[in-house]
Amino acid sequence: MESQRNVEELVSVDAHEARKLLNSGHRYLDVRMREDFEKGHVEGAINVPFYSSVTPQGKEKNPQFIEHVSSIYGKDDHFIVGFKNVKNMQRGYLSWVESTSKLAE
């Protein structure tokens with residue numbers, strides 16, 4: 001039942017709200033694989049891939065993910081995508097790109 005409780009506590013925000021949160025001091029943790037991060041990411045984002053590789057058997061989780069994130073963020077830090085005080089940006093980086101193009105119009 002613990003995992004169900006964690007899912008219910010996850011807050012999702014759209015790209016507009018994510019921008020407001022970043023402007024108020026939140027930080028952005030990008031959990032995509034490094035190759036995807038290098039193709040484009042939110043300015044100032046820190047990349048810690050949740051998956052380390054993709055094999056014919058499926059995606060392999062990054063065994064150092066929690067340790068790496070814990071070394072970057074404090075337990076009370078606020079950030080978008082993470083463990084505590086988390087905000088999940090709906091539709092991820094794609095929504096960020098789309099909202100950026102709308103701001104330029």
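Buried means under 20% relative accessible area, exposed over 50%, and partly exposed in between, with a 1.4 Å probe and protein chains only. The legends below concern a predicted model, in which local features need pLDDT of at least 70, side-chain atom pairs count only at pLDDT 80 or more, and totals for chains, interfaces and linings use all residues. Residues are numbered from 1 along each chain as its sequence is written, and side-chain values use heavy atoms, with hydrogens and water left out.

**View 1. Asp77 in its loop.** Asp77 lies in the loop between α4 (65-72) and β6 (79-80), where helices (H or I, at least four residues) and strands (E, at least two) are DSSP runs numbered from the N terminus. Asp77 counts as partly exposed because its relative accessibility is 27%. Between the C-alpha atoms of Asp77 and Gly25, which are 52 residues apart along the chain, the separation is 9.5 Å.

**View 2. The aromatic cluster of Phe50, Tyr51 and Phe65.** Rings of Phe, Tyr and Trp (its six-membered ring) pair if their centres lie within 6.5 Å, and planes under 30 degrees apart count as stacked, over 60 as edge-to-face and the rest as tilted. The whole structure holds two aromatic pairs by this search. In one of them, Phe50 and Tyr51 are edge-to-face, at 5.0 Å centre to centre and 85° between the planes. Phe50 and Phe65 also form an edge-to-face pair, because their planes stand at 85°, with the ring centres 5.1 Å apart. This pair links distant parts of the chain, since Phe50 sits in the loop between β3 (46-47) and β4 (51-55) and Phe65 in helix α4, 15 residues apart. Phe65 is buried at 6% relative accessibility, whereas Phe50 is partly exposed at 30% and Tyr51 is partly exposed at 29%.

**View 3. The salt bridge between Arg32 and Asp30.** A salt bridge is a side-chain nitrogen of Lys or Arg within 4 Å of a carboxyl oxygen of Asp or Glu, and by this rule the model has three. In the one shown here, the side chains of Arg32 and Asp30 meet at 2.8 Å, N to O. Asp30 is buried, with a relative accessible area of 3%, while Arg32 is partly exposed at 24%.

**View 4. The salt bridge between Lys20 and Glu17 in helix α2.** The closest N and O atoms of Lys20 and Glu17 are 3.6 Å apart. These residues of helix α2 (residues 15-23) are separated by about one helical turn, because they are three residues apart. Lys20 is partly exposed at 46% relative accessibility, and Glu17 is partly exposed at 29%.
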